[in-house]
Amino acid sequence: MHYQPQRELLQNRIILVTGASDGIGREAALTYARYGASVVLLGRNEDKLRAVAQQIQQEGGIAPQWFTLDLLTCTPEICQQLAQKISIHTPHLDGVLHNAGLLGDVVPMDQQKPDVWQDVMQVNVNGTFFLTQALLPLLLKSDSGSLVFTSSSVGQQGRANWGAYAVSKFATEGMMQVLAEEYQSQLRVNCINPGGTRTGMRASAFPTEDPQKLKTPADIMPLYLWLMGDDSRRKTGTTFDAQPGRKPGISQ
Ligand code: NDP
């Protein structure tokens, strides 16, 4: 995507990022802070979140709030309590990036382990839904709220061996579309399909792939910025490709 964001694109915006401890989410949190946002970091690993928060401050960004939330074990009540805690210092949210995700096993359907299947659904769908429900009141207080989910090319076209992960991403697309229709004029709701990107998750999905052939999280940030800033204000109910034209599958 060719997009030249204004340096102050996200000034006075408060943006929450899940899975902010690593990979694409970490890069998104750093990038949003560089463009002036105040960020709220969520993740399951305290040390990794603290390190991201420190980096943001070292770069001169606004000191972020960070909270641990394990999407694997979270309940609706835990998410409500977290939203309550966030609201003490954060009167509203202008953006939420649901980025955290679990890959599960890349094996045929008849070998998908039921417990791993349930974990993938819990992290990618149920936990993400509980958190969305809890954060919606804060998002609706913004005059230009943006709710962004993270999909995948296997969330639009099923592919052999992608089992629980693919099914969870189809569900994510559905959740986005339902919400987009429900909040048409109050909140924009979209998905990002990052496309193959150089992260730990990608390396475990494609262990033989040369990571140098992949875009880095930093390379795909223009779309992440665009969806959180005013330039996308009227867009809702859509899945955007961060790497349009890229063929799904292993990079040669
Ligand atoms: P990474 O594995 O690098 O990062 C995943 C992030 O999610 C980490 O911060 C991780 O935390 C967090 N996370 C995982 N499980 C939980 C949990 N139970 N509770 C809370 N946080 C959790 O993945 P990517 O950056 O590659 O992926 C980011 C998103 O993009 C995912 O939704 C993925 O499905 C999607 N995607 C990625 C593609 C790619 O090529 N990389 C392609 C298409 C989609 P921790 O640091 O503790 O592990």
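Where is the place of Pro222? Pro222 sits in helix 7 (residues 221-228); helices here are DSSP runs of H or I with at least four residues, numbered from the N terminus. This is a predicted model, in which local features need pLDDT of at least 70 and side-chain atom pairs count only at pLDDT 80 or more, while totals for chains, interfaces and linings use all residues. Residues are numbered from 1 along each chain as its sequence is written, and side-chain values use heavy atoms, with hydrogens and water left out.

**View A. Pro222 and its contacts.** Pro222 touches Met1 and Tyr3, leaving aside residues up to four places away in sequence; contact means heavy atoms within 4.5 Å. Between the C-alpha atoms of Pro222 and Pro5 there are 7.5 Å, although 217 residues separate the two along the chain.

**View B. Helix 4 against helix 5.** Helix 4 (residues 114-139) packs on helix 5 (residues 163-182) at about 20 degrees, with axes 8 Å apart. Axes are lines fitted to C-alpha atoms over the stretch in contact, and angles run from 0 to 180 degrees between N-to-C directions. The two helices are therefore roughly parallel to each other, a label for angles under 35 degrees. Residues making the contact include Trp117 and Phe129 of helix 4 and Tyr165 and Lys169 of helix 5.

**View C. Around the ligand.** Ser21, Lys48, Tyr165, Thr197 and Thr199 come nearest of the 28 residues around the ligand, counted when a heavy atom lies within 4 Å. Look for the polar side-chain atoms of Ser21, 2.6 Å from a ligand oxygen atom, and of Lys169, 3.0 Å from a ligand oxygen atom.

Terms used: Angles under 35 degrees count as roughly parallel, over 145 as roughly antiparallel, 65 to 115 as roughly perpendicular and the rest as oblique. A polar contact is a pair of N or O atoms within 3.5 Å; within protein, one must be able to donate a hydrogen and the other to accept it, and residues adjacent in sequence count only if both atoms are side-chain atoms.
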